[in-house]
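Subject: Handover of a structure for your study

Dear colleague,

Please find below the structure that I am handing over to you. I would ask you to look at it first and then to read the notes that follow.

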Amino acid sequence: MKIFLFEDSRVPQLYPVTTGKPAYAISCGSYRLLDLLSELGGEVHAWVRPHLRDFRQAQPPGKPPAGEAAALVNARLVPAAETIDRLGKLLAAKRPGVVRASDQHRPEADRHLHDGLANVALAVLPPGTELPAPEAGAAELDEWFSRTGLPMLDEPPAPLFDYPHDVIRHHLKILAPNLKRRLAGGGYREIADGVFVAEGAQLGQHTVCDTRNGPIVIDERASVGPHGYLCGPIYLGRSARVIEQAAIKDCVALQHTAKVGGEVEGSIIEPYTNKQHHGCLGHSYLGSWINLGAGTCNSDLKNTYGTVNMEYHGRKTPTGMQFVGCIAGDYAKTAINTGIFTGKTIGVCSMVYGFVTTNVPSFTNYARLFGQVTEAPVEVMVATQARMFARRNVEQRPCDVQLLHDMYELTRDERQIAGEPLSL
C-alpha cells in the first residue's frame with residue numbers, strides 16, 4: 001500500500017504556519033498528519049512545494065503498486081484519528097473514489113474557490129493509476145486530477161485546514177480522542193488516575209493533576225517541574241520540559257524538545273520552541289525554534305466578548321470563535337514584556353518588541369509602539385539559526401540555510417504590503 005500526500009493551491013493561505021514546513025507536518029491534536037498516515041503501514045510519498053523538497057520527510061512520489069489501491073491525501077487534512085481510521089477502511093475495501101472536503105467553517109465568499117484538488121480531502125486510486133511527475137506542482141496536480149474521473153464516494157466530508165486559526169479550532173476538538181488512540185498503542189503506564197507516562201518521563205513533586213476532562217500523557221524523557229498544575233487533556237512530547245510552578249491546562253500539546261513555563265491554555269507548541277518564563281499564552285499556535293521573552297503575554301478574548309475576526313492578506317476573515325490568540329511562524333522571537341493583541345499573526349523570522357497591535361510581516365523587526373518597523377536581514381537570521389542549533393546540538397546544514405533564504409523571498413510581498421515603511 002502506498003499513500004500519496006499532495007500540497008494544493010491553498011497551502012500558502014496557511015502562512016505563517018506553512019511557510020517553512022509542509023502542511024502535513026502541522027501539529028494538531030498531538031499528531032502530525034504524516035505521523036498518523038505512517039501508522040496505517042505501507043509507504044508514504046509526498047508532493048511538496050519546491051523549497052521544501054529537502055524537508056518532506058516522506059519519499060518522492062513513485063508508481064502505485066500493481067493490483068493494489070493507493071490513497072491520495074490532501075496535506076491540509078486535519079490529523080484526526082477518526083478520519084485516518086476511515087481512510088484505512090476505504091483502502092481495505094478498495095473502493096476507488098473521492099471524499100470531499102468539509103466547508104462548514106469556510107466563509108461563504110470563499111467556497112466557490114474550492115474546486116479541483118482543493119476540494120478533495122482524500123481519495124482511493126484504482127490499481128495502475130498513472131501519477132504525475134515527482135516534482136509536479138499544484139497546477140499540474142490539479143490538471144492530472146481532472147482527468148482521473150474518480151466518482152464522489154457516499155462518505156461524510158472530512159475537514160481541511162483552510163486558515164491558520166483552523167489549526168487551533170480543530171486541536172481543541174480532537175486532542176482528547178487523539179490521545180485515546182495514542183494510549184491504545186501502548187508504551188505508557190498509568191501512575192495516577194488519568195495520568196500516563198512513558199519510559200524516562202518525570203512528574204515533579206507536589207504537582208496537581210486534574211484529569212476530569214481528559215488524560216495527561218507525558219512522553220519519553222519529558223519532565224514536569226515541582227509545584228505545577230496540569231489540567232487535561234494534555235500531551236507533553238518526547239523530551240519536552242515544563243518548568244516549576246507552571247500552569248498547563250485545557251488542551252495543550254507540546255511537541256518534542258519544547259520548553260514551557262508560566263500559564264498555557266488551549267495551545268500548540270512545535271518542536272524546539274521556548275516559552276520558559278512567566279507569562280500567559282492562550283489559544284495560540286507557536287511554530288518551531290521560537291523564543292518568547294520573559295513576561296510575554298497574548299490576549300485570546302476581545303473586550304466585547306464577541307467572535308474574533310482574523311486578517312489574512314489584507315482581508316478580514318470571520319473565525320466564529322470567541323477565543324483566538326496568536327499564530328506565530330517558525331523562528332519568531334519576542335522581547336521581554338511583549339503584549340500580543342487578540343488574533344494576530346507573527347511571521348517567520350520576526351523580532352517583536354512592545355505591543356503587537358497589527359499582524360507582523362515575516363523577517364521584520366517590529367517595534368511599532370516606538371515607531372520602528374524595519375526589515376530583518378536574512379543574514380542575521382542565518383547567524384541566529386546557527387547559534388540556536390548549536391545550543392540544542394543540532395547541525396546547521398546547507399539546506400537549513402537555503403530554507404531561510406527561500407522563506408525570505410516567499411514572504412517579500414508581506415513586507416511590501418504591510419502598510420508600514422520598511423527600511424534597512
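**Hairpins, sheet and salt bridges**

In strand β28, T317 is the bridge partner of M310. Please bear in mind throughout that this is a predicted model.

That pair belongs to two strands, β27 (residues 309–312) and β28 (residues 315–318), which pair in the antiparallel sense over four bridges. Another pair in these strands is E311, which stands opposite K316 in β28. The hairpin of β27 and β28 has two residues between the strands, and H313 takes a positive phi near 55° there. Strand β27 also has two faces: M310 and Y312 make up the covered one, while N309 and E311 make up the uncovered one.

A second hairpin is formed by β35 and β36, with four residues between them. In its turn, G371 has a positive phi of about 75°. Strand β35 is joined to strand β36 (residues 372–375) by four bridges, and the two run antiparallel. Within this pairing, A367 stands opposite Q372 in β36. Strand β35 (residues 364–367) also pairs with strand β33 (residues 351–352), here in the parallel sense and over two bridges. In that pairing, V352 stands opposite Y366 in β35.

Nine strands form it, in the order β8-β9-β12-β15-β18-β21-β24-β29-β32, and the pairing is mixed. Strands β8 (189–192) and β32 (344–346) stand at the edges; each has a single partner strand, so one side of each is left without a neighbour in the sheet. Inside the order given, strand β18 (residues 252–254) and strand β21 (residues 268–269) run parallel and are joined by two bridges. The bridge partner of A253 is I268 in β21.

The last topic is charged side chains. Side chains of opposite charge can pair when their charged atoms come close. In this model the count comes to 21 salt bridges. Which parts of the chain does the salt bridge between R181 and D85 tie together? The closest N and O atoms of R181 and D85 are 2.7 Å apart. R181 lies in helix α4 (residues 164–184) and D85 in helix α2 (residues 81–93), so the pair ties together parts that are 96 residues apart in sequence. Both partners are partly exposed, R181 with a relative accessible area of 22% and D85 with one of 38%.

The side chains of R32 and D35 meet in one, at 3.0 Å from N to O. D35 is partly exposed, with a relative accessible area of 28%. The side chains of E220 and R221 meet in another, at 3.5 Å from N to O. E220 counts as partly exposed at 34% relative accessibility, and R221 is partly exposed with a relative accessible area of 48%.

Yours sincerely,
A colleague

Definitions and conventions. Residues are numbered from 1 along each chain as its sequence is written. This is a predicted model: local features need pLDDT of at least 70, side-chain atom pairs count only at pLDDT 80 or more; totals for chains, interfaces and linings use all residues. Side-chain values use heavy atoms; hydrogens and water are left out. Two strands pair if DSSP finds at least two bridges between them. Buried means under 20% relative accessible area, exposed over 50%, partly exposed in between (1.4 Å probe, protein chains only). A salt bridge is a side-chain nitrogen of Lys or Arg within 4 Å of a carboxyl oxygen of Asp or Glu.
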